[in-house]
Amino acid sequence: MPDPVTFRPDDPAFLHDPYPTYRQLRETDPVHFHAPWNAWVVTRYRDVDALLRDKRLGRVMDGVEKRPANPDHAPFDRIQAGSLLEIEPPDHTRIKTAVHEVFTPKHVRALGERIEALAARQADALAARIEEDGRADLIRVFAEPIPVTVIADLLGVPEADRHRLLPWSKGIIQMFEPERTPEQEREAVDAARDFAAYVRWLAARKMEAPADDLISRMVGVREDDPERLSEDEMVANAILFLNAGHEAVVNVLGNGVKALFEHPEARAALQDDRELLPRAVEEMMRFDTPLQFFERFALEDLTVTGDDGVERHFEAGTKFALYYASANHDAAVFEAPERFDVRRHPNPHVAFGLGVHYCIGAPLARLELTRAVDALLTRLPDLAPAESTYAYVPKNVFRYLEALPVGRA
Ligand code: HEM
């Protein structure tokens, strides 16, 4: 019998590099009960895939609290209540249909040139900062401004207010981490309240003077038929777009450029053949997945046979932590999963999730990532890490670097 795996999600060594633990879990305990979270940790690809497609599971369940009830969290909970990520069909279908109407492939395509120009501008800004100081943080100077500007453009956030988006977003996402402090919870509640007040104010302005942006179009859907989208739902989903629309893109850029630095042969291949870019971007998302896991709840009593052939029974309300990051390293699906392979094809990673909650922003994220990496390779072909080690922010759900100091070789 192999040794039982120790799953200690608060261990700094795990947070620095969780992939060896995922491998052990997949091999020895693929459906592992983690008592502190009262959740089953699911790490094999086929199990994650099957549970994401299973309509008997959802992100929310009536009567089951995701977090201990806390009246101080009311402003946060009110906002979350209308978010696509917190509801299930039929309400989820109603809202997702409305959102798909105002955020179409045409709207994404229309952003292509703007994104290309932005990526070039930020690559030049990075080059200038390196020229001045000898080094620069790729995350702050390059990776953050691109998706923040794109999502702010898309939603119609005025230039003068954009600097407020990142701090609000960073504040809110703290609530999604299982290992969080009361101080972080307070910051999340404050950020949610201020962000919601801002979006309400902005929506009121768009009502008076609509423009060609997503918030104006959402306001339009409400004006045509208020039954389709309540005001709270509009606010909640505008906030979701503003957060989801940049956090993960920034994190893929950081984690992905780090992977390129650590795999010079992959980088050289990409430098020589830009046709590989779309595959390279998928590989960046697979290799160091920015959103490591998401929760699901059993909406009814379940009996499921796992990939290991074991039949398991779960009561309604059981919580699962589905590890997309581990699924993306499962050797049963990905050949040599620890190899960073910019030619990998097919690459059926689950970094965008699957099923009902599949990421709405996937086409936009792909467009931003390919344009951003292209601009870096073209404008800074001699980009090099300025330090030999990298520090990840010690979080369980969001995986991203504190900073990525770079210079020129
Ligand atoms: C590389 C970048 C991105 C990654 C890795 C990513 C990942 C994800 C994942 C994993 C989910 C599903 C969560 C679950 O399974 O519970 C999701 C949902 C979502 N994402 Fe993304 N995302 C990215 C970029 C974006 C962008 C650019 C936008 C907006 C323009 C966006 C908007 C959304 C929305 C609205 C949902 C909720 C969908 C629903 O619940 O029906 N995402 N994303």
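Hi everyone, a definition to begin: a residue is near a molecule or strand if its C-beta atom, placed from the backbone, lies within 6 Å of it. What we have here is a predicted model, where local features need pLDDT of at least 70, side-chain atom pairs count only at pLDDT 80 or more, and totals for chains, interfaces and linings use all residues. Residues are numbered from 1 along each chain as its sequence is written.

Let's start at the ligand. Around it are 24 residues, and Ala-248, Gly-353, Cys-359, Gly-361 and Ala-365 come nearest. Three helices, α13 (231-244), α14 (247-262) and α18 (362-379), each supply at least two residues of this shell. Helices here are DSSP runs of H or I with at least four residues, strands are runs of E with at least two, and both are numbered from the N terminus.

Now, α18 also has a helix partner. Helix α16 (residues 277-287) packs against α18 at an angle of about 110 degrees, with the axes 10 Å apart. Axes are lines fitted to C-alpha atoms, for helices over the stretch in contact, and angles run from 0 to 180 degrees between N-to-C directions.

On to the sheet. Five strands form an open, mixed sheet in the order β1-β2-β8-β5-β3. β1 (31-34) and β3 (57-58) stand at the edges with a single partner strand each, so one side of each is left without a neighbour in the sheet. Two strands pair if DSSP finds at least two bridges between them. Strands β5 (residues 293-298) and β8 (residues 319-323) run antiparallel, joined by five bridges, and Phe-293 stands opposite Tyr-323 in β8.
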